[in-house]
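Good morning, and thank you for joining this meeting. May I ask you to turn to the sequence and the structure as they come up on the screen.

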Amino acid sequence: MKLSKKKKNKQTVFCFNVQHVLPKIFPRKPRDFSLPNSSWGKEMMELYNHYNRLTADQSVYLCCVSSGGAYLSKIIQSKARLFTRNIRDPGAAFEYVLFFRQDKLKCVCIFQAGHLLEGPPGHVHGGAIATMIDTVTGTHASLLSAPVMTANLNVNYRSPIPLGSTVLIESILDKEDGRKMYISCRVTSTDGSKLHTEATGNCPQPGESSEGPSHL
Ligand SMILES: CCCCCCCCCCCCCC(=O)SCCNC(=O)CCNC(=O)[C@H](O)C(C)(C)COP(=O)(O)OP(=O)(O)OC[C@H]1O[C@@H](n2cnc3c(N)ncnc32)[C@H](O)[C@@H]1OP(=O)(O)O
């Protein structure tokens, strides 16, 4: 870091160019969490390759690169990290990648649930499932409009998700009503045959007077 000394009222103050400091706080190349890592199982890899191939035809799907958090939030709180990306150990918690169709009306997330997400023995915690649903619906609605806040999320748990398994989380836009986005979401086995969870959510763009996600 380049520091320059200035004399002011007999005190020495250090002035530095913020651009010299920022790269230290925000790594030049943040980790791209949407890239495969060694923890990914066969199903996760197969699904990733399947959707990734579709992204070659950009009219079908676009890959959403997920770098792991809004770095601006670090200005507010230096240790801030996106909740779903806050465990460094690959495969231990939330391994996921989001894909959006070009028209963004549909989103598919492939999610491999790691061992730190245990709820009922051998199965994924309901809060972790809701977290992933919130992530998918929130990101989906944000891409459709502007950064949103989840106002309401209704979750129905239909069948438990085995720990370590890979599932599909699919969300669609049901309705758009002014600032409000109504999104529904289904969590299924990768072949779609087993329904694990269903959810609906209302994600409005925060009004000017509300404490919106301006930090995103
Ligand atoms: C580009 C993409 C990048 C994204 C990357 C991010 C990755 C991470 C993704 C992670 C994503 C994680 C996401 C998260 O986890 S977000 C964190 C969890 N959510 C919150 O903390 C939200 C807290 N609540 C608020 O801030 C405000 O209440 C909001 C902003 C929601 C609305 O306050 P605002 O003052 O702005 O507006 P309003 O009060 O006039 O309401 C507006 C409209 O909405 C209707 N309404 C309100 N509440 C409810 C309700 N409970 N059920 C049903 N409807 C409700 C209301 O009737 C009205 O409708 P209408 O009367 O106009 O018809």
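Asn202 is buried, because its relative accessible area is 14%, and the limit for calling a residue buried is under 20%. Please bear in mind that this is a predicted model.

Where in the fold does Asn202 sit? Its place is in strand β9, which covers residues 195-202. And which residues does Asn202 touch, once its neighbours within four places in sequence are set aside? The contacts are Met149, Thr150, Ala151 and Asn152, together with Lys180, Met181 and Tyr182.

Some of these names return when we turn to the ligand. The ligand is surrounded by 16 residues, and the closest of them are Asp134, Thr150, Ala151, Lys180 and Gly207.

Let me now go through the polar atoms. For Asp134, a polar side-chain atom lies 2.6 Å from an oxygen atom of the ligand. For Thr150, a polar backbone atom is 2.9 Å from a nitrogen atom of the ligand. For Gly207, a polar backbone atom is 2.5 Å from an oxygen atom of the ligand. Taken alone, the ligand exposes 1300 Å², and the protein buries 51% of that.

Finally, the make-up of the shell. Its residues comprise 6 nonpolar, 7 polar and 3 charged. Helix α4, residues 126-144, supplies the largest share of the shell, with 4 residues.

Thank you for your attention.

Key: Residues numbered from 1 in each chain as written. Predicted model: local features only at pLDDT ≥ 70, side-chain atom pairs only at ≥ 80, totals over all residues. Heavy atoms only, no water. Near = heavy atom within 4 Å. Polar contact = N/O pair within 3.5 Å; in protein donor to acceptor, adjacent residues only side chain to side chain. Areas by Shrake-Rupley, 256 points an atom, 1.4 Å probe, with all protein chains shown as cover. Helix = DSSP H or I, 4+ residues; strand = E, 2+ residues; numbered from the N terminus. Nonpolar A, V, L, I, M, F, W, Y, C, P; charged D, E, K, R; others polar. Buried < 20%, exposed > 50% of the residue type's maximum accessible area, 1.4 Å probe, protein only. Contact = heavy atoms within 4.5 Å.
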